[in-house]
Amino acid sequence: MRKTRGERAFNVFNILLLSLLTISFFYPFWHVLCASFSDPNIMRRHTGLLLWPQQFTTMGYQLVMRNPNIYSGYINTLIVVSCGTLMNLIMTTLGAYVLSRRVFVLKGPMMVMITLTMFFGGGLIPFFLVVDRLEMLDTLWSLMIPCLINTYNMIVMRTSFQGLPAELEESGKIDGASDARILWSIILPVSKAMLAVIGLFYAVTHWNSWFNASIFLRHREKFPLQLVLREILLNSDTTVAGSTLNTDALRAIDQNDFYFKELVQYSTIIVSIVPILCVYPFLQKYFVKGVMIGSLKG
């Protein structure tokens with residue numbers, strides 16, 4: 001079927017618009033990536049768009065990775081992301097399943113109370129006191145247990161469960177399956193896309209989180225990666241980190257400290273975002289499908 005002139009014009013407009021949006025979204029990341037591999041002495045004289053590294057160098061990453069807290073931060077963050085995301089999925093799934101059951105009498109009042117938490121919070125001081133009373137201060141548990149369920153994620157998952165055919169649950173009950181068996185053997189296998197998307201949301205939240213760690217953690221060896229990198233971004237202490245570099249590099253840092261601080265900041269940004277970006281390609285096929293499933297019914 002041949003397209004009309006208006007349809008062809010509309011397609012051309014869409015392609016141009018989406019191309020411009022893609023470039024505007026991608027270029028800032030590309031600029032930071034190129035700048036992180038560029039010689040700061042060359043970069044300070046560069047004007048206009050940065051399309052490739054200016055005199056390729058890895059000195060910025062040497063300065064960042066010299067910080068011993070980077071490695072402990074990576075380990076702590078991996079622990080929080082893996083364990084925290086698993087616990088988030090378990091608790092969110094249980095809560096969403098209960099609230100999606102048609103025979104659950106109290107689901108209306110409970111949904112009202114749960115939804116209110118999206119608009120009203122207890123405040124930072126009560127939050128800190130609760131964590132303190134639970135004796136979780138200065139432990140990685142303080143970054144996982146107090147935020148086990150995100151209200152929005154649970155509502156989306158509940159909506160997804162409600163959209164499943166009622167015959168699936170009825171067939172399980174006819175065979176004598178319990179609610180736990182129905183959830184594990186029937187509901188979850190057909191909700192893999194939703195689980196992947198919600199898991200990604202939780203994982204990204206844990207990966208980017210630094211505020212709770214700055215409040216609850218006291219010892220530097222327990223800091224997650226984002227809190228360590230935040231300190232590097234704010235302080236940009238290149239003098240200590242550069243102590244392992246050669247004499248010429250040290251002299252360059254002393255003479256151009258401001259530009260090397262920018263180099264450290266560019267490198268820090270890349271170190272913090274690249275690992276989580278590597279997860280997206282594996283979950284991309286589930287992403288749109290999972291979000292749409294959870295948005296069909298309110």
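**Notebook: helices, cores and a pocket**

I began with α10, which has 17 residues and reaches 24 Å from its first C-alpha to its last, close to the 24 Å expected at 1.5 Å a residue. The model I am reading is a predicted one. I then looked up how covered α10 is: 12 of its 17 residues are buried, so the helix is largely enclosed by the rest of the structure. Among the buried residues of α10 I noted Met194, Leu200, Tyr202, His206 and Trp207.

**Whole chain**

I stepped back to the chain. It holds 16 helices and 0 strands. Of its 298 residues, 37% are buried. I also checked how far apart in sequence the contacting residues are. Among contacts between residues at least 6 apart in sequence, 74% join residues at least 24 apart.

**Cores**

Which residues of the largest nonpolar core touch the most other members? I found Val64, Ile70, Leu143, Leu229 and Ile232, out of 29 residues in that core. I listed the helices that each supply at least two residues to this core: α3 (59-65), α4 (69-100), α10 (192-208), α12 (225-235) and α15 (257-277). The largest share comes from α15, with 6 residues.

I picked Val64 and looked up its contacts, leaving aside neighbours within four places in sequence. The partners are Ile70, Ile232, Val264, Ser267, Thr268 and Val271. I then found a second, separate core of 18 residues, which includes Met111, Ile182, Ile187 and Met194. Met194 is also one of the buried residues of α10.

**Ser171**

I looked up Ser171, which sits in helix α8 (residues 166-174). Ser171 has a relative accessible area of 35%, so I wrote it down as partly exposed. Ser171 and Ile182 are 11 residues apart in sequence, and their C-alpha atoms are 9.3 Å apart in space.

**Largest pocket**

The largest pocket holds about 610 Å³ of space. Its lining has 21 residues, and the closest to the pocket centre are Phe127, Pro146, Cys147, Ile149 and Asn150. I noted the elements that give two or more residues to this lining: α4, α7 (151-162) and α10. α10 gives the most, with 4 residues. How do the lining residues divide into nonpolar, polar and charged? I recorded 10 nonpolar, 11 polar and no charged residues.

**Helix α7**

I went on to α7. This helix has 12 residues and reaches 16 Å from its first C-alpha to its last, close to the 16 Å expected at 1.5 Å a residue. α7 is mostly covered, with 10 of its 12 residues buried. The buried residues of α7 include Thr151, Asn153, Arg158, Phe161 and Gln162.

**Loop between α6 and α7**

Last, I looked at two residues with a positive phi. Most residues other than glycine have a negative phi. Glu135 lies in the loop between α6 (124-133) and α7, and its phi is near 60°. Asp138 is found in the loop between α6 and α7, and phi of Asp138 is also near 60°.

Asp138 is at 9% relative accessibility, so it counts as buried, because the cut-off for buried is under 20%.

Definitions and conventions
Residues are numbered from 1 along each chain as its sequence is written. This is a predicted model: local features need pLDDT of at least 70, side-chain atom pairs count only at pLDDT 80 or more; totals for chains, interfaces and linings use all residues. Side-chain values use heavy atoms; hydrogens and water are left out. A nonpolar core is a set of buried Ala, Val, Leu, Ile, Met, Phe, Trp, Tyr and Cys residues joined through side-chain atoms within 4.5 Å. Buried means under 20% relative accessible area, exposed over 50%, partly exposed in between (1.4 Å probe, protein chains only). Contact means heavy atoms within 4.5 Å. On a 1 Å grid over the protein atoms alone, a cavity is a set of points where a 1.4 Å probe fits but cannot get out, and a pocket is an open set with protein on both sides within 12 Å along at least five of seven lines; lining residues have an atom within 4 Å of a point. Grid points are joined across faces, edges and corners, and a volume is the space filled by probe spheres set on the points. Ala, Val, Leu, Ile, Met, Phe, Trp, Tyr, Cys and Pro count as nonpolar, Asp, Glu, Lys and Arg as charged, and the others, Gly among them, as polar. The expected span of a helix is 1.5 Å times one less than its number of residues.
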